[in-house]
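Thanks, everyone. Let me put the model on the screen.

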Amino acid sequence: MKRLTKAEEEVMLVLWRLKETTIRDLIQELHDPETPYTTVSTVVRVLEKKGFVGHKAVGTTYLYHPRL
């Protein structure tokens, strides 16, 4: 069974609410919008590896969405 860390859970709650978003927009919705871009990006990539998040390329950016 895959478990979420506190940071992963916070990101997933935002993704479930927004349905689809970029990293920058996701950061604005977090409890601490001062969280570095690279930190949030890393959490999202880990969630992708765990199978919780998917993405699609739109131009030069990625839109992330919950898979569960």
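Ground rules. This is a predicted model, so to speak of local features we need pLDDT of at least 70, side-chain atom pairs count only at pLDDT 80 or more, and totals for chains, interfaces and linings use all residues. Residues are numbered from 1 along each chain as its sequence is written, and side-chain values use heavy atoms, with hydrogens and water left out.

Start with helix H3, residues 37-50. Helices here are DSSP runs of H or I, at least four residues, and strands are E runs of at least two, numbered from the N terminus. H3 has 14 residues and reaches 20 Å from first C-alpha to last, close to the 20 Å expected at 1.5 Å a residue. That expected span is 1.5 Å times one less than the number of residues.

Which residues of H3 are buried? Val 40, Ser 41, Val 43, Val 44 and Leu 47. They cover an arc of only 160 degrees around the axis, which puts them on the same side of H3. The arc uses directions from the helix axis to the C-beta atoms. Buried means under 20% relative accessible area, exposed over 50%, partly exposed in between, with a 1.4 Å probe and protein chains only.

Turn to the face away from the buried side: there sit Thr 38 and Lys 49, both exposed. Just after H3, Gly 51 takes a positive phi of about 90 degrees.

Now the rings. Searching the whole structure gives one aromatic pair. Tyr 62 and Tyr 64 form it, tilted, 6.2 Å centre to centre with 55 degrees between the planes. Rings of Phe, Tyr and Trp (its six-membered ring) pair if their centres lie within 6.5 Å; planes under 30 degrees apart are stacked, over 60 edge-to-face, the rest tilted. Tyr 64 is buried at 10%; Tyr 62 is partly exposed at 41%.
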